[in-house]
Amino acid sequence: MATTNPSFMNGVPELLVLRLLRGREMYGYEIVQAIREETAEVVSLGEGVVYPVLHALERSGAISSQRRPVGGRSRIYYSLSPKGASRLTELTELWLRITGAVQQVLVGSGRAGLV
Amino acid sequence: MRASFEPLWDRLLEGGVRRRPARRYLAELRDHLDDLIAEERRAMNDPREVETRALCRLGSFEMLADAMIERREFQAWGRKAPVAAYLVAPAVALAAATALTVVGVVTTVEQVRGAAGPGNLPSWLGEFATGMMFFSHAILPVLLAWALSAVAFRNRSPWLWPTCGIVALASLGSIFHPVLTLPSATTRGEVAVSPDGIGAFAVLLAMAAVPYAALLLWRAARERHAE
């Protein structure tokens, strides 16, 4: 499994989880597979670490969960709450601002000859 | 072979994670592992390596534990604020319960006195008052210490602050020994505080601390045996 530098990952799992849950409700395994597929495995974590993220988001009211029997098993499905939708908007704007600024430093000005 | 999550459970509790979120975390990890194993089987991987590969994808126990432990919202109060949880809260609880007991006894005495008249207090009232005072300064601290011990032991809390809490409860119980003097026909009743001697403190401390010490010794022996 690819590993990702954790120091660059602060807040990223939250953002991705909220974005994925905007479309539909999902359970943990589905969320992890969706992150792997949609980021072409660039963002790839130990799969189990998504649960503390989900539980913390649920505790903050950004998502809600519901236990449901599926195929003889019980699964916990997560869905985005209105509070989570606002949080997603905030985080997305913040992320775009930061990545835009970093991009500008890396390739934009060329002042320091960083690249 | 089904992987055991027992080491992860132990590590979460030792890291201060509350039992409820830890239990839920493990339940979801088990479900996730089942899904990974099913996926690996569908991919026709070597059946002997299926579980190993699935566990590898799930993440190391160290990584999984750290992901939960570093989130303060899942920490037990005994870890977030051990002084408040194991020292201040039990002391406040003992003070409040003692005050309530004294108020309850005084109210009862006043009620009975109002009905029976001054100087005609029934004989059971003295035994009742003495019994309740004994309960508040000798039984209540021990019960609180046992409850504290159970919580600290279940949460795998380091022994320091629970021990301080037990000593504090025994000290408070032996210092604030309320003594009630019932009113008579000519005198008013009164409530006084009469600290016990060092002997009574030692007995109270022993009763309060022995179960916790026994539990810690038992765990240490079990861990030595497991090694």
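Me: Where should I start with chain B, and into which domains is it divided?

Reply: Chain B of this predicted model has domain 1, covering 6-74, and domain 2, covering 78-226. The C-alpha centres of these two domains of chain B are 43 Å apart. Where they touch, five residues come from domain 1 of chain B and five residues from domain 2 of chain B.

Me: Which classes of residue does domain 1 of chain B use on the side that touches domain 2 of chain B?

Reply: That side of domain 1 of chain B has three charged residues, one polar and one nonpolar.

Me: How do I read a nonpolar core, and how many residues has the largest one here?

Reply: The general idea is that nonpolar side chains tend to be buried together in soluble globular proteins. In this model the largest nonpolar core has 36 residues. Those with the most contacts inside this core are Val17(A), Val50(A), Leu54(A), Ile63(A), Leu64(B) and Met68(B).

Me: Which elements supply this core with at least two residues each?

Reply: From chain A they are helix 1 (12-23), helix 2 (28-38), helix 3 (50-59) and strand 3 (73-80). From chain B they are helix 1 (6-14), helix 2 (19-42), helix 3 (50-58) and helix 4 (61-69). Helix 2 of chain B gives the most, with six residues. Another core lies apart from this one and has 19 residues, among them Ala145(B), Leu205(B), Ala208(B) and Ala209(B).

Me: What does Ile63(A) touch, leaving out residues up to four places away in sequence?

Reply: With those left out, its contacts include Leu21(A), Leu54(A), Leu57(A), Tyr78(A) and Leu80(A).

Me: Is Leu58(B) buried or exposed, and why?

Reply: Leu58(B) counts as buried because 24 C-beta neighbours lie inside 10 Å, and the cut-off for buried is 20 or more. Leu58(B) is in helix 3 of chain B. Not counting residues up to four places away in sequence, Leu58(B) touches Gly46(A), Glu47(A) and Gly48(A), as well as Leu29(B), His32(B), Leu33(B) and Leu36(B). The C-alpha atoms of Leu58(B) and Thr163(B) are 38 Å apart, and the two residues are 105 residues apart along the chain.

Me: In which sense do strand 2 and strand 3 of chain A pair?

Reply: Strand 2 (residues 63-70) of chain A pairs with strand 3 of chain A in the antiparallel sense, over eight bridges. As an example, Arg67(A) has Ile76(A) in strand 3 of chain A as its bridge partner. The two strands form a hairpin with two residues between them. Gly71(A), in the turn, has a positive phi of about 55°.

Key:
Residues are numbered from 1 along each chain as its sequence is written. Chains are lettered from A and ligands numbered from 1 in the order in which they are written. This is a predicted model: local features need pLDDT of at least 70, side-chain atom pairs count only at pLDDT 80 or more; totals for chains, interfaces and linings use all residues. Domain bounds come from an automatic or database domain assignment. Two residues are in contact if their C-beta atoms, placed from the backbone, lie within 7 Å. Ala, Val, Leu, Ile, Met, Phe, Trp, Tyr, Cys and Pro count as nonpolar, Asp, Glu, Lys and Arg as charged, and the others, Gly among them, as polar. A nonpolar core is a set of buried Ala, Val, Leu, Ile, Met, Phe, Trp, Tyr and Cys residues joined through C-beta atoms within 7 Å. A residue is buried if 20 or more other C-beta atoms lie within 10 Å of its own, exposed if 12 or fewer, and partly exposed in between; C-beta atoms are placed from the backbone. Helices (H or I, at least four residues) and strands (E, at least two) are DSSP runs, numbered from the N terminus. Two strands pair if DSSP finds at least two bridges between them.
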